[in-house]
Amino acid sequence: MGGEAEQAAVSLSHRVPDLGALELLLAVARLGSLGRAARARGISQPAASSRIRSMERQLGVALVERSPRGSRLTDAGALVTDWARRVVEAAEAFDAGAQALRGQRDSRLRVAASMTIAEYLLPGWLIALRARRPGTAVSLLAGNSSVVAERLSGGEADLGFVEGLEVPMGLDGTVIGHDRLVVVAAPSHPWARRRKELTAAELAAAPLILRERGSGTRQVLDAALARHGGLAAPLLELASTTAVKAAVVSEAAPSVLSELAVGEELTARRLVEIPVRELRLARELRAVWPAGQRPAGPARELLGLTRGAS
């Protein structure tokens, strides 16, 4: 019994005319002419005739009688038209519901972003998105890369942005740009007056001011220094890039930060970049979303605005 029901459900689409054919039949009933019905549906009369004949073969009954004076429904055609009207009305209700869901989705966008992207890249993208979608309300959740992954996995965000070595587990993503980490210190720090480049081993051994574990910056730095003895215990661990910069400027200790985050301080000479040998501190910037759920609506549009970020 269950097998027969399953087979019926599978074959239903082959036994029932498609929505376009039913709409054409309703147009014939309403306008009394296959030609006028074809024009109303935006197709040629031969195409309309072919579609009606195909529907008649599918159902096994004649639906329309054609004559020089026009077209009229057969008795079977009138009955099928009544059924078709109910099917089309149900489809219209389905479409209206789907439009309402799309409207609800498109009226808001929840973004989760790691700190560097949230502070230095996302504002420009959101301004551009607002120009395209002024009716979309955007909320931003900022945190480190681990927090972004948790927000997305928990259904609290529609689209996320992270910096790091790889796509977090349970998410899909795409690279939208690249970033470079730089070693920075106050101009008065001994490293700023060195003539020789710093070595990776010296950097690894120094007590630094760093972002907390779970941040994309920390992930890249830990991985890069693993071959050089590993990162020494930090002098300070802080949860925001702004706090790290302030501590470095106050001459507490050097740090490693995104080039995006320290451009203004380097230009004003409040911070100095310290060259390091044998060390490459590049990372990828990624847009991420729950696995298997490709961004749609305003999330997809925002994703399109981020290409080439750096």
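Which residues does Glu 56 touch, not counting residues up to four places away in sequence?

Modeller: One caution before the answer: this is a predicted model. Leaving out residues up to four places away in sequence, Glu 56 touches Val 61, Ala 62, Leu 63, Val 64 and Arg 66. Glu 56 itself sits in helix H4, which covers residues 45-59. Its relative accessibility is 14%, so Glu 56 counts as buried. The cut-off for that label is under 20%.

One of those contacts can be described in more detail. A polar atom of the Glu 56 side chain lies 2.8 Å from the backbone nitrogen of Leu 63. For a sense of scale, take Val 184, which is 128 residues from Glu 56 along the chain. The C-alpha atoms of Glu 56 and Val 184 are separated by 78 Å.

H4 packs with H3 at an angle of about 105 degrees. The axes of H3 and H4 are 8 Å apart. That angle makes H3 roughly perpendicular to H4, because angles of 65 to 115 degrees get that label. From H3, the contact uses Leu 34, Gly 35 and Ala 38. From H4, it uses Gln 45, Ala 48, Ser 49 and Ile 52.

H3 itself runs over residues 34-41, and its buried residues are Leu 34, Gly 35, Ala 37 and Ala 38. Seen down the axis of H3, these buried residues fall within an arc of 165 degrees, so they line one face of the helix. At its start, a side-chain oxygen of Ser 33 comes to within 3.2 Å of the backbone nitrogen of Gly 35. After H3 comes Gly 42, with a positive phi near 75 degrees.

H13 spans residues 298-305, with Pro 298, Ala 299, Leu 302, Leu 303 and Leu 305 buried. Down the axis of H13, the buried residues fall within an arc of 160 degrees, so they line one face of that helix.

Next, the nonpolar cores. The largest has 21 residues, and Trp 191, Leu 203, Val 256 and Leu 279 touch the most other members. Strand E6 (171-185), helix H9 (200-205) and helix H10 (216-225) each supply at least two residues of this core. H10 gives the most, with four residues. Apart from this core lies another, of 20 residues, including Ala 118, Leu 121, Trp 125 and Leu 129.

Setting aside neighbours within four places in sequence, its contacts include Leu 181, Val 182, Val 183, Leu 203, Leu 221 and Leu 281.

At 3% relative accessibility, Arg 218 counts as buried. Beyond residues up to four places away in sequence, Arg 218 touches Leu 210, Arg 211, Glu 212, Arg 213, Leu 231, Pro 234 and Glu 237.

Finish with Ser 114, in strand E3 (residues 108-114). Its relative accessibility is 2%, so Ser 114 counts as buried.

How values were computed:
Residues are numbered from 1 along each chain as its sequence is written. This is a predicted model: local features need pLDDT of at least 70, side-chain atom pairs count only at pLDDT 80 or more; totals for chains, interfaces and linings use all residues. Side-chain values use heavy atoms; hydrogens and water are left out. A nonpolar core is a set of buried Ala, Val, Leu, Ile, Met, Phe, Trp, Tyr and Cys residues joined through side-chain atoms within 4.5 Å. Buried means under 20% relative accessible area, exposed over 50%, partly exposed in between (1.4 Å probe, protein chains only). Contact means heavy atoms within 4.5 Å. A polar contact is a pair of N or O atoms within 3.5 Å; within protein, one must be able to donate a hydrogen and the other to accept it, and residues adjacent in sequence count only if both atoms are side-chain atoms. The arc is that of the directions from the helix axis to the C-beta atoms. Axes are lines fitted to C-alpha atoms, for helices over the stretch in contact, and angles run from 0 to 180 degrees between N-to-C directions. Angles under 35 degrees count as roughly parallel, over 145 as roughly antiparallel, 65 to 115 as roughly perpendicular and the rest as oblique.
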